[in-house]
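User: I have a structure open and I would like to learn how to read it. Can you take me through it feature by feature?
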Amino acid sequence: MKYTKLNFMMSVLGIMIYVTDLIVDIWVSIRFFHERQYVFGVLTVSFMLFGTLVVQCFSYSWFKADLKEAGQESHHCFLLLHCLQGGVFTRYWFALKQGYQVAFKYGSKTENFVEKQINDRVTDLSMLRLFETYLEGCPQLALQLYIFLEHGQANFTQYAAIVVSCCAVSWSTVDYQVALRKSLPDKNLFNGPCPKLVYLFYKLFTLLSWMLSVVLLLFLNVKIAFLLLSFLWLLGIFWAFKEQTDFCVSTSMEILYRIVVGFILIFTFFNIKGQNTKCPMSCYYIVRVLVTLGILIVFWFDPRSIFNADYFIPVSITIVLSLLLGIIFLLVYYGTLHPNTSEETKLDEVDGKPAQRDCRMKYFLME
């Protein structure tokens, strides 16, 4: 697949969002500590560390695997860069440097293997950004929404954190889906902007509804909310083990991958094995609807005034409308706009034939 100037600009936009998200998170955490809100400050820093440490682990393991495949030895400088949390920046440097040459200098004279190499670099970045978005961005978004509803107002940094988190989630989700389809020859590309927008709205609305529901549950009882999310995380991990995902070369990294997949499934649904998932997806969103409605019903009948009552009715309406719109966009996307191919259908019908390991995406989260 040809790497164009538009693809290069999208990569530049990606690193801009990544850096902005990082700066805002640091800014918010410093403000929390300055205002002596130590619990919120520690949580913000913990979410950041959790996401970035996992991302650095996967990035370094992929560097080692790629160097080994190329017959080269692993350099200690790569390990040092990842220990200093610079793995993603290193990947962006290589991707932008080679992408600029391919898009602006070589043009139509670019060899196919060079095109594949730059597409693979961009694909790796999209996977890492997807990890970080759901490991760090989603918990961060829930925390900022909780603080906003608790105090009834927010300062500029909290508004900025909410907006940037939403942008990061939206960008990484769509960017991942585009990179997925560019990297796999048996998948069609999105046909124009309409499927991308519908897919984005499906993910964004279902995620917004769930985030607000979790925040309401946190107001009701923090322990119950923690137990529910932990239970859903364990269910996701169990499903990943049951499906016997085969994404990583080493056993330890595969276990970490399944743990991360379980965490992502708390917030949104992904096809973790590239097989027919009509039944699991239906069960997932049926449970999501029931749990969301259950939280709203309990909150309606709970006699305690937990936060400003003026916010509850708008929040409840937002939850219901967002969930309804998300389900509608889901049905529209998978019913009419999903870019399936006949080869994909065959794989689904035979429960997924093992693919040749020529691309990490073959074994990554699919849609």
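Analyst: Start with one idea. A nonpolar core is a set of buried Ala, Val, Leu, Ile, Met, Phe, Trp, Tyr and Cys residues joined through side-chain atoms within 4.5 Å. Keep in mind that this is a predicted model.

User: How many residues does the largest nonpolar core have here, and which have the most contacts inside it?

Analyst: The largest nonpolar core has 85 residues. Those with the most contacts inside it are Phe58, Phe131, Tyr134, Met211, Leu216 and Phe267. Helix α5, residues 112–151, gives the largest share of this core, 19 residues.

User: What does Phe267 touch?

Analyst: Set aside residues up to four places away in sequence. Phe267 then touches Tyr134, Cys138, Pro139, Leu207, Trp210, Met211, Tyr284 and Arg288. Two of these, Tyr134 and Met211, are also on the list of residues with the most contacts inside the core.

User: Let me step back. Which elements make up the chain?

Analyst: The chain has 12 helices and 0 strands. Buried residues make up 50% of its 367 residues.

User: How do I check the length of a helix?

Analyst: Take α9. At 1.5 Å a residue, its 17 residues should span 24 Å. The end C-alpha atoms of α9 are 25 Å apart, which agrees.

User: Is α9 enclosed or open?

Analyst: Count its buried residues. In α9, 12 of the 17 residues are buried, so the helix is largely enclosed by the rest of the structure. Among the buried ones are Met253, Glu254, Tyr257, Arg258 and Phe267.

User: How do I read a single buried residue?

Analyst: Ask for its accessibility, then its contacts. The cut-off for buried is under 20% relative accessible area. Ser11 lies in helix α1, residues 5–34. Its relative accessibility is 10%, so Ser11 counts as buried. Leaving aside neighbours within four places in sequence, Ser11 is in contact with Tyr3, Tyr92, Leu96 and Val122.

User: Is Gln177 buried or exposed?

Analyst: Gln177 is in helix α6, residues 156–183. It counts as buried because its relative accessibility is 0%. Gln177 and Met127 are 50 residues apart along the chain, and their C-alpha atoms are separated by 9.6 Å.

User: How many aromatic pairs are there, and how do I classify one?

Analyst: The structure holds 25 aromatic pairs. To classify one, use the angle between the ring planes: over 60 degrees counts as edge-to-face. The rings of Tyr134 and Phe270 have centres 6.2 Å apart and planes at 90 degrees, so this pair is edge-to-face. The pair links distant parts of the chain, 136 residues apart. Tyr134 is in helix α5, while Phe270 is in the loop between α9 and α10. Both Tyr134 and Phe270 are buried.

User: Where do Tyr199 and Tyr202 lie?

Analyst: Both lie in helix α7, residues 193–220. Tyr199 and Tyr202 are 3 residues apart, about one turn of the helix. They form an edge-to-face aromatic pair, 5.9 Å centre to centre, with 70 degrees between the planes. Both are buried. They also belong to one aromatic cluster with Trp239, Phe269, Tyr284, Tyr285, Tyr333 and Tyr334.

User: Which charges sit over rings?

Analyst: Here are two cases. The charged end of Lys203 sits over the ring of Phe270, 4.0 Å from its centre. Arg91 lies over the face of Phe63, at 4.2 Å from the ring centre.

User: What does UniProt list for "transmembrane region"?

Analyst: The unreviewed UniProt entry lists several ranges, including residues 159–179 and 313–334. Compare them with the model. Over residues 159–179 the chain is 100% helix, with end C-alpha atoms 30 Å apart. Over residues 313–334 the chain is 100% helix too, and the end C-alpha atoms are 32 Å apart.

How values were computed. Residues numbered from 1 in each chain as written. Predicted model: local features only at pLDDT ≥ 70, side-chain atom pairs only at ≥ 80, totals over all residues. Heavy atoms only, no water. Buried < 20%, exposed > 50% of the residue type's maximum accessible area, 1.4 Å probe, protein only. Helix = DSSP H or I, 4+ residues; strand = E, 2+ residues; numbered from the N terminus. Contact = heavy atoms within 4.5 Å. Phe/Tyr/Trp six-rings, centres within 6.5 Å; stacked < 30°, edge-to-face > 60°. Lys NZ or Arg CZ within 6 Å of the ring centre and 35° of its normal. UniProt positions renumbered as here; feature names shortened; annotations may be inferred. Expected span 1.5 Å × (residues − 1).
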